[in-house]
Amino acid sequence: MTTGQQLRLYNSLGRRMEDFVPLPDSPGGVTGMYSCGPTVYSFPHLGNMRAYVFADTLRRALRWKSIPVRHVINITDVGHAVADSDTGEDKLELAAARERRSVEDIAAFYTQAFFDDIAALNILPADEYPRATAYVGQMIEFAARLEERGHTYRLPSGLYFDTSKSPRYGQLALIDVAGQREAARVEHVEGRRHKTDFALWRAEEAGRRRVMRWDSPWGWGAPGWHLECSVMSIALLGPHFGIHTGGIDHRELHHVNEIAQSEACLGDGKPWVRYWLHNEFLQLGDQKMAKSAGGAPRLADLTAAGYHPMAFRLFLLGGHYRSQVDFTNAAMDAAQATLRRLAARIEPLRPLPAADTLDAALLSAGAAAGEGGTAAALLAELDAAITADLATPKVLAILQDTLRDPALPPDGQRAVVAAADALLGLGLGTLGARAVDGRRAASDLPAGELAAIERLVAARAQARKERDWARADEIRDELGKLGVQVTDTPDGPVWELR
Ligand SMILES: [Zn+2]
């Protein structure tokens, strides 16, 4: 959709809403977008997946506004030390020792687990999934350039970035640098000049040979975690690009360090990346489901409990990406019921226009079919919602209103449903109500049986209108025997099969 509202996004850099304008010099007019990817040492949990559903929502919004994107999600298969620290053991190597497998096996296994989850959640595939181990040569070159420019110092534990040489250090985190230097970074690194300084290269400790090791000007060792994202994003998207996303926990340290080293390395005085977007945490009880939360549930736990993966996606989209969302069984039950209701209402409207080929022409055709402009008005509402910093709860509400609107002819409904689904990515064009939880949908019934149920539901409504409660209850029992559950809503009775 090329017309409509200006896309506005909340930029963490400056903490303000801004018009999204592609960089004027982006290669081929394509916006580069980089999302910090998984460290593949264990199964991704539900909190991790929120970051990718969020990035996917952003991509869908950009597609809606006809802004071409090249999306990169990295795979961290080396260099991420436990507790995100500069020293200590590598997460991959620890996992390999724990599971008695090679680091390559661990990386391959958990990378596949990540791909399985993003596919199940209907996340658009990225254009590239670079693996850190394939870029170590470029990381060494990058760090060497920083050393040449005088931004580093050597310690026995490796090569460190000197943050005092970066005048804008910490801008993204909105903390004054002096303040952060006093902040509680408890890890003690012998010889580190400032608490904010971080390792670009982690040298092997004497007598402790690492499993994954590379030779470098600073001895055998492995790259620092922050370095990886700068190098892979610049290698694949060019020195400056439009969008960088990640979980809110990255805003305070990882992304701060990415910016500092990238700007120091590029040395052109320009801000490295234009827009920084961060999703909030998923809360489990009173705990944040953060990166390393042990024992946090994963998607497979939900599906084993009978939830459809799209119910989890719907649950996430029911909250704004910048709000903390509480993960509870009740919320998942509600999301599953909503998904089922949506699928059941949309089934009779199929086939929908293909979501990924939606464009302005198709939408205006749909709007024209709305006769009287109702569909056009709903499409404009969708546009206003998604362009207002990705207001997915509002998009969901518009979708639900559309399906309840008796004045809207089926073609108008189809256009709005397809557009909403292109933004939400719930796969409603093909998702059957029965596929949500195994229960039968009305559309599975033979026509005669369906007509009989509808007659009974109408008769019950009539009995209630006449205040013949005994008769109404009798019909409810009769429907119950047919496996039909009726619920009275302000819009009249709705029924579903149990
Ligand atoms: Zn990163």
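Let me begin with the largest nonpolar core, which has 124 residues, and in which Leu382, Val395, Ala420 and Leu423 touch the most other members. By a nonpolar core I mean a set of buried Ala, Val, Leu, Ile, Met, Phe, Trp, Tyr and Cys residues joined through C-beta atoms within 7 Å. A residue is called buried if 20 or more other C-beta atoms lie within 10 Å of its own, exposed if 12 or fewer, and partly exposed in between, with the C-beta atoms placed from the backbone. Helix 1, residues 46–64, gives the most to this core, with 11 residues, and at least three residues come from each of domain 1 (8–288) and domain 2 (305–437), where the bounds come from an automatic or database domain assignment.

Please keep in mind that this is a predicted model, in which local features need pLDDT of at least 70 and side-chain atom pairs count only at pLDDT 80 or more, while totals for chains, interfaces and linings use all residues. Residues are numbered from 1 along each chain as its sequence is written.

Which residues does valine 395 touch, if we leave out those up to four places away in sequence? They are Leu382, Ala385, Ile386, Ala420, Leu423 and Leu424, and contact here means that the C-beta atoms, placed from the backbone, lie within 7 Å.

Turning to the whole chain, its secondary structure comes to 17 helices and 15 strands; helices (H or I, at least four residues) and strands (E, at least two) are DSSP runs, numbered from the N terminus. Of its 498 residues, 45% are buried.

Now look at strand 9, residues 241–247, where 7 of the 7 residues are buried, so this strand is largely enclosed by the rest of the structure. Strand 9 pairs in the parallel sense with strand 3 (residues 31–35) over 3 bridges, and two strands count as paired if DSSP finds at least two bridges between them. Within that pairing, histidine 244 is the bridge partner of tyrosine 34. Strand 9 also runs parallel to strand 10 (residues 273–279), to which 6 bridges join it, and glycine 247 has asparagine 279 as its bridge partner there.

Finally, there is an open sheet of 3 strands with mixed pairing, in the order 12-11-13. Its edge strands, each pairing on one side only, are strand 12 (287–288) and strand 13 (325–327). Strand 11, residues 282–284, pairs with strand 13 in the parallel sense over 3 bridges, and leucine 284 has phenylalanine 327 as its bridge partner.

Terms used: Two residues are in contact if their C-beta atoms, placed from the backbone, lie within 7 Å.
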